[in-house]
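I opened the model to look through its helices, ring pairs, charged pairs and confidence values. My entries follow in the order in which I looked things up.

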Amino acid sequence: MASEREQKQLEAGTEAIGNRLTEVRSALAKLIVKVETDPTLNWHSFLDSYALITGEMNSLLRQMRHEKTPILKKYITLPLILSPDRDEELMKLTEHRVPTFSHDLIPNYLRTLREPDIESKYAVMENRANNASQEQQQKQITVIEKVTRETLKVIRREREEMDAKSNSRSEIETTYSNEDTINLLAAINHGKGLKTTVPVTAARQSPVPVAQQMHNIKAPSTIKTNIKAANTAHPYSR
């Protein structure tokens, strides 16, 4: 009887956690789509989406801490069937994210601890932090605070300089002159401001037509010859 009640409680708890995980995944997907496709995305819209994800995560944590949710740490998940073939039912359950349940993928899907190399690096860093004395930790904190303050000073100074430049500069920089535009239009439409120059050309006599030249040329006349011939004695004169 107790086992049946525990089994039902486990099923109800896992279903509720699964629903919360679906909400978290949906919020993350909406943010990714917004970042990749929305050209008008601004910082306020991004923060709104991020706040929605944070709210879904908090709801998930509250559900896991709920008194009716069983403690999942005491349960062990073991694969019952391993196969390298494509599993359509598994594809349907995982929304086409996991096609197979094979020996190569099981360690990654069911891993509850970090990978060994990451775990060793984390252990080394944790040991260094635990072995540091209180004085060393305080010195490191002081150095970090000093670096942070100096960085904030540089950021504030740059922001003030940018604000001063933007305020001193006119909102719209003029790239034209109304007076020059009016003068140019008056010159084009009415010729205002333009100097008129008369071209000086050398006076030339108009060419005389060829027929007139031929008419002006005197042909060799035989009148004088005829006159002289008339003045001589006629052979038949009496």
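**Entry 1: helix α7.** I started with the burial of α7: of its 13 residues, the number buried is 1, so α7 lies largely in the open. Buried means under 20% relative accessible area, exposed over 50%, and partly exposed in between, with a 1.4 Å probe and protein chains only. The helix covers residues 178-190, and from first C-alpha to last I get 18 Å, close to the 18 Å expected at 1.5 Å a residue. That expected span is 1.5 Å times one less than the number of residues. Helices here are DSSP runs of H or I with at least four residues, strands are runs of E with at least two, and both are numbered from the N terminus. After α7 comes G191, with a positive phi near 70 degrees.

**Entry 2: ground rules.** The model is predicted, so local features need pLDDT of at least 70 and side-chain atom pairs count only at pLDDT 80 or more, while totals for chains, interfaces and linings use all residues. Residues are numbered from 1 along each chain as its sequence is written, and side-chain values use heavy atoms, with hydrogens and water left out.

**Entry 3: confidence.** I then read the pLDDT, which is the predictor's confidence in each residue, from 0 to 100. The chain has a mean of 79, and 79% of its residues reach 70 or more. Where pLDDT is low, the predicted coordinates should not be read in detail.

**Entry 4: aromatic rings.** How many aromatic pairs does a search of the whole structure find? It finds 2. The ring centres of W43 and F46 lie 5.6 Å apart with the planes at 15 degrees, so this pair is stacked. The rule takes rings of Phe, Tyr and Trp (its six-membered ring) as a pair if the centres lie within 6.5 Å; planes under 30 degrees apart are stacked, over 60 edge-to-face, and the rest tilted. W43 and F46 are 3 residues apart in helix α2 (residues 43-65), which means a separation of about one helical turn. W43 is exposed at 57% relative accessibility, whereas F46 is partly exposed at 25%.

F46 and Y50 form a stacked pair too, at 6.5 Å centre to centre and 15 degrees between the planes. F46 and Y50 are 4 residues apart in helix α2, again about one helical turn. An α-helix has 3.6 residues a turn, so residues three or four places apart point the same way. Y50 is partly exposed, at 48%. I noted W43, F46 and Y50 as one aromatic cluster.

**Entry 5: salt bridges.** Side chains of opposite charge can pair when their charged atoms come close. I used the rule of a side-chain nitrogen of Lys or Arg within 4 Å of a carboxyl oxygen of Asp or Glu. The count comes to 6 salt bridges, and I looked up some of them.

One of them joins E88 to R86, at 3.1 Å from N to O. R86 is exposed, with 53% relative accessible area.

Another joins E150 to K153, at 3.9 Å from N to O. E150 and K153 are 3 residues apart in helix α6 (residues 134-168), so about one helical turn separates them. Both ends are partly exposed: E150 at 40% and K153 at 47%. Elsewhere, salt bridges that share partners join R25, E95 and R97 into one network. Within it, the closest N and O atoms of E95 and R97 are 3.3 Å apart. R97 is partly exposed at 48%, and E95 at 46%.

Entry 6: Where does E95 lie? E95 is in the loop between α3 (88-93) and α4 (106-109). Its phi is positive, about 55 degrees, although E95 is not a glycine. H96 is in the loop between α3 and α4, and H96 has a positive phi of about 65 degrees, although it is not a glycine. At 62% relative accessibility, H96 is exposed.
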